[in-house]
Amino acid sequence: MKLVTAIVRPDRVGSVSAALERAGINGLTVSQASGFGRQRGHTEVYRGAEYSSDLMPKARLEVLVNEDALAVVLAAIEEGGRTGHFGDGKIWIIEVVDAVRVRTGERGAAAIA
């Protein structure tokens with residue numbers, strides 16, 4: 001099993017979610033995040049005063065998948081998240097030793113099916 005974690009633009013979450021759904025993936029966790037990469041923050045104006053923010057709003061997506069679905073998940077996240085500009089995000093993959101479905105006690109691949 002693999003845990004796919006992606007950081008994407010908040011406005012691309014709907015596109016990524018739809019791409020994952022089209023790919024047959026039925027589980028996704030989304031969290032609010034903030035950070036910076038090459039774009040290095042931005043400047044905002046609030047009530048006439050200018051503020052500089054080093055951290056950009058981002059969304060953190062997590063999908064737990066079996067090895068055979070990994071390529072499909074990566075392609076769906078790339079398809080839904082790409083704008084072609086700095087700040088599109090990153091994806092990383094972590095090996096997962098086990099998973100448990102709390103409701104039923106199922107373990108391993110059965111817990112994420």
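A polar contact is a pair of N or O atoms within 3.5 Å; within protein, one must be able to donate a hydrogen and the other to accept it, and residues adjacent in sequence count only if both atoms are side-chain atoms. Keep that in mind for the first stop.

This is a predicted model, in which local features need pLDDT of at least 70, side-chain atom pairs count only at pLDDT 80 or more, and totals for chains, interfaces and linings use all residues. Residues are numbered from 1 along each chain as its sequence is written, and side-chain values use heavy atoms, with hydrogens and water left out.

**Stop 1: Lys 58**

Select Lys 58, in strand E5. Strands (E, at least two residues) and helices (H or I, at least four) are DSSP runs, numbered from the N terminus. The Lys 58 side chain reaches the backbone oxygen of Gly 87 at 2.8 Å. Lys 58 is buried but has no salt bridge. Buried means under 20% relative accessible area, exposed over 50%, and partly exposed in between (1.4 Å probe, protein chains only). A salt bridge puts a side-chain nitrogen of Lys or Arg within 4 Å of a carboxyl oxygen of Asp or Glu. For Lys 58, the nearest side chain of opposite charge is Asp 88, 7.1 Å away. Lys and Arg count as positive here, Asp and Glu as negative; His and the chain ends are not counted.

**Stop 2**

Asp 88 counts as buried, at 16% relative accessibility.

The structure holds 8 salt bridges. Select Glu 78 and Arg 82 for another one, with the closest N and O atoms 3.1 Å apart. Glu 78 is partly exposed at 37%, while Arg 82 is exposed at 52%. Then show Lys 2, Glu 67 and Glu 95, which are linked in a network of salt bridges.

**Stop 3: the largest core**

Now colour the nonpolar residues. A nonpolar core is a set of buried Ala, Val, Leu, Ile, Met, Phe, Trp, Tyr and Cys residues joined through side-chain atoms within 4.5 Å. The largest one has 17 residues. Leu 20, Val 65, Val 73 and Ile 77 have the most contacts inside it. Strand E1 (2–8), helix H1 (13–22), strand E5 (56–65) and helix H2 (70–81) each supply at least two of its residues. Apart from it lies another core, of 5 residues, among them Met 1, Val 96, Ala 99 and Ala 111.

Zoom in on Val 65. What does Val 65 contact, leaving aside its neighbours within four places in sequence? Its partners are Met 1, Lys 2, Val 4, Leu 70, Val 73 and Ile 112. Contact means heavy atoms within 4.5 Å.

**Stop 4: helix H1**

Select H1. Its buried residues are Val 13, Val 16, Ala 19 and Leu 20. They cover an arc of only 130° around the axis, so they sit on the same side of H1. The arc is that of the directions from the helix axis to the C-beta atoms. Their cover includes E1, strand E2 (29–35), E5 and H2. On the other side of H1, Gly 14, Glu 21 and Arg 22 are exposed.

**Stop 5: after H1**

Gly 24 follows H1, with a positive phi near 90°. Finish at Asn 26, in the loop between H1 and E2. Asn 26 is exposed, at 68%.
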